[in-house]
Amino acid sequence: MDYAIPFNKPFLAGNEFAYIQDAAENLGKLSGNGYYTNKCQNFFEERYGFLRCFLTTSCTDALEMAAILLDIQEGEEVIVPSFTFVSTANAFALRGAKIIFVDSQEGFPNLEVSKIESMITQKTKAIVAVHYAGVACPILEMKALAEKHDLYLIEDAAQAINSFLEDQPLGSIGHLSTFSFHETKNIHCGEGGMLVVNDPRFIQRAEFIWEKGTNRSAFFRGEIDKYSWVDLGSSFLLSEINVAFLWAQLEKLDEIQARRKQIWEDYQNWFSGEKRDPVLLPKVYLELLETSLKEVVGDVSKVSFQKDEGNFHLFYLLFENADQRQTYIEQLRRKGILAVFHYQSLHKSAFIAQAQPESFQQSLPNAEKFSDCLLRLPLFYDLPKEISKEFGIKN
Ligand SMILES: *Cc1c(COP(=O)(O)O)cnc(C)c1O
C-alpha cells in the first residue's frame with residue numbers, strides 16, 4: 001500500500017550526485033578508502049574527537065569488526081540489551097559468544113544498568129551499550145563497571161550521531177563504537193556505517209581487519225613494498241560512491257538536525273498539550289493523530305510518549321497494550337499514515353529459542369513491554385511538505 005505519509009523518506013541534501021560524479025570523473029577512484037572516505041573520517045574525528053574512524057558498509061559490519069578486534073572466543077559472554085536491533089547481538093554470536101540479555105529501564109527502552117553487575121561472570125568479555133533513539137544510555141556507569149571488572153565497552157551508537165551526554169559525544173566513550181548511515185538514520189548513504197576506535201591499542205588491527213586482513217593501507221602509504229595477509233578480516237570498506245553521497249549529507253548535518261528537532265518538539269508539545277501552536281507540522285495532521293488516538297483509547301492522557309530528547313532520531317508513543325497499538329496503527333493506515341512499532345525483544349527470538357533455550361525462558365518485562373506497546377510516528381526532513389500536498393494544506 002502507498003501511504004500519503006510514509007514512515008520515512010530518505011533525505012537528499014542536493015549535492016549527492018555532483019560528488020558521486022566528481023569521484024567517478026575527476027578522482028577516478030570508486031572503491032573504498034579514497035578522497036571522500038578521508039574527508040568524512042576527518043570530519044567525524046575533528047567534530048566529535050573520535051580517535052580513529054573507519055567507514056564500513058554498515059553498522060552491522062562495524063559491529064562484526066568490533067567482535068573480531070576483541071578476539072571473542074567460543075563460549076565467552078557478551079552482555080547486550082534485549083530491546084535492540086539484531087546486529088547488536090548477532091555480530092558477537094557469529095564469533096561463538098553466548099549472549100546475555102539485560103532488561104530495559106521501566107520508563108525508557110535503554111538498558112537498566114543496575115541489572116548488569118550480577119550478570120558478570122568469569123567468562124564475560126564485553127558489555128554493549130545501545131543509545132536508543134539517540135538518547136544516552138547510562139554509559140558512564142557502564143564504563144565504571146567495565147573498568148572495575150576489566151571488560152570491554154562497546155557503544156552501538158547506530159542511531160546516535162551528533163548526540164551528547166553533557167559535553168561528551170556519544171560514541172566517544174566506549175573502547176570501540178559503531179554508527180549507521182542506513183537510509184532510516186538521521187544522515188545516510190543508503191547503506192553505510194562506521195567503526196570508531198577510541199582506544200589506541202586497537203588502531204593497527206582495525207586497519208588490517210578493515211582491509212580484508214591485509215596490510216594494504218600501509219602499502220598505499222608507502223611504508224612497505226608489498227602487502228600480504230596478516231590478520232582475520234573481510235570486505236568492510238564503504239565504496240567511494242556511497243561516501244561521496246554521505247559527504248553531501250554531512251555538509252547539511254546541522255540543518256538536518258535543526259529540522260528534526262522542530263518536528264520532534266512539535267510532536268512533544270502537541271501530545272503534552274502544553275503549547276498547542278505547532279507551526280512546523282500542520283495542525284490538521286496533528287489533530288488527525290489525536291482524533292484517531294481518542295477513538296482507540298478514549299482518554300488520550302493514558303498514552304505516554306517520548307520525553308527524553310537525544311538527536312531527535314525518533315518519536316514514539318507508548319500504549320497500555322498491544323491491541324490498542326494495533327487498532328491505532330489501523331486507524332492511521334486508513335488515513336494514509338504509516339506508523340510502525342520497533343524491535344521484538346531478542347531473548348524471545350526464534351534464533352535464541354534454538355541457540356540458547358535458557359535465555360528464551362527469561363522474563364524481561366520492560367523490554368517485552370516496549371516490544372508490544374511502543375509505536376514510532378513518521379519523522380523525516382520533508383514531513384510537512386508531504387502532508388501539505390496530500391492533505392491540501394498550504395505551508
Ligand atoms: C540501525 C541499527 C543497526 C544496524 O545498522 P545497519 O547500518 O543497517 O547495519 C544496529 N544497531 C542499532 C541500534 C540500529 O538502530
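Colleague: How many salt bridges does the rule find across the interface of domain 1 and domain 2?
Modeller: It finds 2 across that interface. Keep in mind that this is a predicted model.
Colleague: Let me back up a bit. Where do the two domains run in the chain?
Modeller: Domain 1 covers 16-252 and domain 2 covers 254-391. On the domain 1 side, 34 residues take part in the contact, and domain 2 brings 33 residues.
Colleague: What separates their centres?
Modeller: Going by C-alpha atoms, the centres of domain 1 and domain 2 are 27 Å apart.
Colleague: And what area is buried between them?
Modeller: About 2800 Å² is buried between domain 1 and domain 2, with carbon and sulfur atoms giving 56% of that.
Colleague: What about polar contacts, how many residue pairs are there between the domains?
Modeller: There are 20 residue pairs in polar contact between domain 1 and domain 2, counting pairs with both residues at pLDDT 80 or more.
Colleague: Which elements supply at least two residues to the side of domain 1 that touches domain 2?
Modeller: That would be α4 (86-93) and β3 (98-102). The largest share, 4 residues, comes from β3.
Colleague: How do the residues on that side divide into nonpolar, polar and charged?
Modeller: The side of domain 1 that touches domain 2 has 16 nonpolar, 12 polar and 6 charged residues.
Colleague: Switching topic: how many salt bridges does a search of the whole structure find?
Modeller: The whole structure gives 15. One to click on is D254 with R47, whose side chains meet at 2.8 Å, N to O.
Colleague: Where do those two sit in the chain?
Modeller: D254 is in helix α9 (residues 253-272) and R47 is in helix α2 (residues 35-48), so to speak distant parts of the chain, 207 residues apart.
Colleague: Last topic, rings. How many aromatic pairs does the structure hold?
Modeller: It holds 30 aromatic pairs. Y132 and Y343 make an edge-to-face pair.
Colleague: Why is that pair edge-to-face?
Modeller: Because the planes of the Y132 and Y343 rings are at 70 degrees, and over 60 counts as edge-to-face. Their centres are 6.1 Å apart.
Colleague: And where do I find the two tyrosines?
Modeller: Y132 is in the loop between β4 (124-130) and α5 (139-149), while Y343 is in the loop between α11 (322-334) and α12 (350-355). The two are 211 residues apart.

Key: Residues are numbered from 1 along each chain as its sequence is written. Side-chain values use heavy atoms; hydrogens and water are left out. Domain bounds come from an automatic or database domain assignment. Contact means heavy atoms within 4.5 Å. Buried area is the accessible area (1.4 Å probe) that two parts lose on being put together, summed over both. A salt bridge is a side-chain nitrogen of Lys or Arg within 4 Å of a carboxyl oxygen of Asp or Glu. A polar contact is a pair of N or O atoms within 3.5 Å; within protein, one must be able to donate a hydrogen and the other to accept it, and residues adjacent in sequence count only if both atoms are side-chain atoms. Ala, Val, Leu, Ile, Met, Phe, Trp, Tyr, Cys and Pro count as nonpolar, Asp, Glu, Lys and Arg as charged, and the others, Gly among them, as polar. Rings of Phe, Tyr and Trp (its six-membered ring) pair if their centres lie within 6.5 Å; planes under 30 degrees apart count as stacked, over 60 as edge-to-face and the rest as tilted.
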